[in-house]
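Student: I have a model open and want to learn how to read it. Can we go feature by feature?

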Amino acid sequence: MLLTTEGHGAASVSRDGGVASDGDKNRVHGVRMVTNSVVYGPVPSRRLGRSLGINNIPPKTCSYSCVYCQLGKTINMRVEREHFYEPEEIASSVKDKIRQVREKGEPIDYLAFVPDGEPALDANLGKEIELLKSFGIKIAVITNASLIWREDVRQDLQKADWVSLKVDAVSREIWHQIDRPQKLLSLDKIHNGMLKFSDIFKGELVTESMLIQNINDNRQELERTADFLAELNPDKSYLAIPTRPPAVKTVTAASEKTINLAYQIFTERLSNVEYLIGYEGNSFAFTGNVEDDLLSITSVHPMREEGVTEFLEKANAGWDTIKDLIKDDKLIETEYEEKKFYMRKLPQSGRILLS
Ligand code: SF4
């Protein structure tokens, strides 16, 4: 199974072993036994630095079955919360893992709930966060937000330091097409829950919107999504594309042109927007290497022509650098409202059509 801390179903880092299986052999008195791989990593994450992942959900148990999910089709579709594992056992596994990681002298920036499904389906989530807080490391939760209309879920999430909410689409029809929610879920209730949560949450709130070609990447839906996000007022909004095999084989990532369009529409309404397009391994610090720096910057934000000119002047480099990067298929030139923008070429040319 593949998992990442870069988002729900956005697999990028391999984790060894499986989790406690959904089968009876791992159940004692109705509660699953925690296995070693309920805690994994640390894995590198662009948003969270080095994070230790917590897989508090049995395999592919989710309230959505997103077309782009990189964990495959949802096996156990549900909306009721359940006590999957004993919170004390999860805390004890995390404690052991922290000790092992620290013995190797490695840092941990976050303890991140990024399971093989929806973390809020775990009725013990709040208790687990409370127990893990005693380790003095910040807690992150990446949730699809489908249960956030429930007060107990908001209370649980409120205990975390960093929460990411999924907002792929705000029109009901498009939400159904892309996230394929469990039939009892109501988008209006989810939106209300998100707004209530944004009002009370004291930590860092971010959103993640996955852009899929011909589903949610039209201008009207992007504008509607950005309007809702402006009301939600997160600390940061991420625009993502799938970079690993999706659940539905014909799913294709939005094009570079559309991603740039989405970025422009989002930044007109939101103060902090970034790409999340699969380059988490890069350093974003100034390296003194003009090509590396340009590629690092443009993998997060598109650069306007004048910004590139200024950057090249500072670096004492010419436009040949840009031409070479375009020729080498590393950078692309695109337009928005008659202005030129430069952005990093997407992985596999932005296409993930797989046989
Ligand atoms: S919310 Fe979507 S992407 Fe996340 S685990 Fe569920 S089906 Fe996969």
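This is a predicted model: local features need pLDDT of at least 70, side-chain atom pairs count only at pLDDT 80 or more; totals for chains, interfaces and linings use all residues.

Student: Is Asn316 buried or exposed?

Tutor: Exposed counts as over 50% relative accessible area. Asn316 has 73% relative accessibility, so it counts as exposed.

Student: Where does Arg180 lie, and what is its phi?

Tutor: Arg180 is in the loop between helix 4 (172–179) and helix 5 (187–200). Its phi is also positive, near 45°. Arg180 is partly exposed, at a relative accessible area of 29%.

Student: What about peptide bonds?

Tutor: Most peptide bonds are trans. Here, Gly41 and Pro42 are joined by a cis one, with omega about 5°. Pro42 belongs to strand 5 (residues 39–45).

Student: How do I read two packed helices?

Tutor: Use the angle between their axes and the distance between the axes. Take helix 1 (residues 87–103) and helix 2 (residues 125–133): their axes come within 9 Å and cross at roughly 35°. The crossing is right-handed.

Student: Which residues of helix 1 and helix 2 meet?

Tutor: Helix 1 brings Pro87, Glu88, Ile90, Ala91 and Val94. Helix 2 brings Lys127, Glu128, Leu131 and Leu132. Of the residues in this contact, six are nonpolar, three are charged and none is polar.

Student: How enclosed is helix 7?

Tutor: Ten of the 14 residues of helix 7 are buried, so the rest of the structure largely encloses it. The buried ones include Ile259, Leu261, Tyr263 and Phe266. Among the elements they pack against are helix 6 (219–232) and strand 16 (331–336). Helix 7 (residues 256–269) reaches 20 Å from first C-alpha to last, close to the 20 Å expected.

Student: Now a strand. Which way do the residues of strand 9 point?

Tutor: In strand 9 (residues 110–113), Tyr110 and Ala112 point one way, while Leu111 and Phe113 point the other. All are buried.

Student: Which strands pair with strand 9?

Tutor: Strand 6 (residues 49–54) pairs with strand 9 in the parallel sense, over four bridges. There, Leu52 stands opposite Leu111. Strand 10 (residues 138–143) also runs parallel to strand 9, joined by four bridges. Ala140 in strand 10 is the bridge partner of Ala112.

Notes. Residues are numbered from 1 along each chain as its sequence is written. Side-chain values use heavy atoms; hydrogens and water are left out. Axes are lines fitted to C-alpha atoms, for helices over the stretch in contact, and angles run from 0 to 180 degrees between N-to-C directions. Helices (H or I, at least four residues) and strands (E, at least two) are DSSP runs, numbered from the N terminus. A crossing is left-handed if the near helix is turned anticlockwise from the far one by less than a right angle, and right-handed if clockwise. Contact means heavy atoms within 4.5 Å. Ala, Val, Leu, Ile, Met, Phe, Trp, Tyr, Cys and Pro count as nonpolar, Asp, Glu, Lys and Arg as charged, and the others, Gly among them, as polar. The expected span of a helix is 1.5 Å times one less than its number of residues. Buried means under 20% relative accessible area, exposed over 50%, partly exposed in between (1.4 Å probe, protein chains only). Two strands pair if DSSP finds at least two bridges between them.
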